Amino acid sequence: MKTIFEGKHLLVREHDGWEFAERKSATEAAAVVAITEDGRVVLTEQYRRAVDARVIDFPAGLVGDEKGSGDPAETAKKELEEETGFVCDGVEKIAAGPSSPGITSELVTLYRASGVRRRGEGGGVGGEDIEVHQVPVADIAHWLQRKRGEGVLIDLKVALYFSSKST
């Protein structure tokens, strides 16, 4: 494997003629599905420069970045609190796999939180500007459709998770 380009946070690598991006600080991320006792899913919305749009997503972060743990489950719980102000009693692994294997080496593990409750305001750290949404699960399909109509992109993890649920 050969490094073609090295930026501040990313590497562009080449392997057998295929170019792809790789993060320098971590190659794994963790995301968490958090639903409160009263049936509201906790989602984040923030501007993402790579797609030049606001994006609805599950709370998520890099595993083992700057001061984070190398444990994906711990990262999921930490990101839930930092980004949304919600904490949980525990997390259960739902699935793990590549996020976009044609362009990046990043792997994502998706967790389901239990015992979800509000502790703080959230909003992220270090200049993140995260808007926190609490959406009744029964209304999620209509809410996501409305957000799409406003030009907000919906992360595929969110879209796929709720498309397989009967709400």
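Is Ala29 counted as buried or exposed, and at what relative accessibility? At 8% relative accessibility, Ala29 counts as buried, where buried means under 20% relative accessible area, exposed over 50%, and partly exposed in between, with a 1.4 Å probe and protein chains only. The model is predicted, so that local features need pLDDT of at least 70 and side-chain atom pairs count only at pLDDT 80 or more, while totals for chains, interfaces and linings use all residues. Residues are numbered from 1 along each chain as its sequence is written, and side-chain values use heavy atoms, with hydrogens and water left out.

Ala29 is found in strand β4. Helices (H or I, at least four residues) and strands (E, at least two) are DSSP runs, numbered from the N terminus. With neighbours within four places in sequence set aside, Ala29 is in contact with Gly61, Leu62, Val63, Glu106, Leu107, Val108 and Thr109; contact means heavy atoms within 4.5 Å. A separation of 9.6 Å is found between the C-alpha atoms of Ala29 and Ala96, which are 67 residues apart along the chain.

An open sheet is formed by three strands in the order β1-β2-β3, with antiparallel pairing. Two strands pair if DSSP finds at least two bridges between them. The edges are taken by β1 (2-6) and β3 (18-23), each with a single partner strand, so one side of each is left without a neighbour in the sheet. From one strand to the next the twist averages 30 degrees; axes are lines fitted to C-alpha atoms, for helices over the stretch in contact, and angles run from 0 to 180 degrees between N-to-C directions. Six bridges join strand β2 (residues 10-15) and β3 in the antiparallel sense. Arg13 has Phe20 in β3 as its bridge partner.

In helix α2 (residues 140-149), the residues Ile140, Trp143, Leu144 and Lys147 are buried. Viewed down the axis of α2, these buried residues fall within an arc of 95 degrees, so they line one face of the helix. The arc is that of the directions from the helix axis to the C-beta atoms. An α-helix has 3.6 residues a turn, so residues three or four places apart point the same way. His142, Gln145 and Gly149, on the other side of α2, are exposed. The elements against which the buried residues of α2 pack are β5 (40-48), β6 (53-57), β12 (131-136), β13 (153-154) and α3 (156-163).

In α3 the buried residues are Val158, Ala159, Tyr161 and Phe162. Down the axis of α3 they fall within an arc of 165 degrees, so they line one face of the helix. Leu156, Leu160 and Ser163 are exposed on the other side of α3.

The structure holds three aromatic pairs. Rings of Phe, Tyr and Trp (its six-membered ring) pair if their centres lie within 6.5 Å; planes under 30 degrees apart count as stacked, over 60 as edge-to-face and the rest as tilted. One of the pairs, Phe58 with Tyr161, is edge-to-face, at 5.9 Å centre to centre and 90 degrees between the planes. Phe58 lies in the loop between β6 and β7 (60-62) and Tyr161 in helix α3, so this pair ties together parts that are 103 residues apart in sequence. The relative accessible area is 1% for Phe58, which is buried, and 11% for Tyr161, also buried. The rings of Phe58 and Phe162 have their centres 6.2 Å apart and their planes at 45 degrees, so this pair is tilted. Phe58 and Phe162 are 104 residues apart, the latter in helix α3. Phe162 is buried, with a relative accessible area of 7%. Phe58, Tyr161 and Phe162 form one aromatic cluster.

The largest nonpolar core has 21 residues, of which Leu43, Phe58 and Ile140 touch the most other members. A nonpolar core is a set of buried Ala, Val, Leu, Ile, Met, Phe, Trp, Tyr and Cys residues joined through side-chain atoms within 4.5 Å. At least two residues of this core are supplied by each of β4 (28-35), β5, β10 (107-114), α2 and α3. The most is given by α3, with four residues. Beyond neighbours within four places in sequence, Leu43 is in contact with residues including Phe58, Ile140, Trp143 and Val158. A second, separate core of 13 residues includes Ala30, Val63, Ala76 and Phe86.
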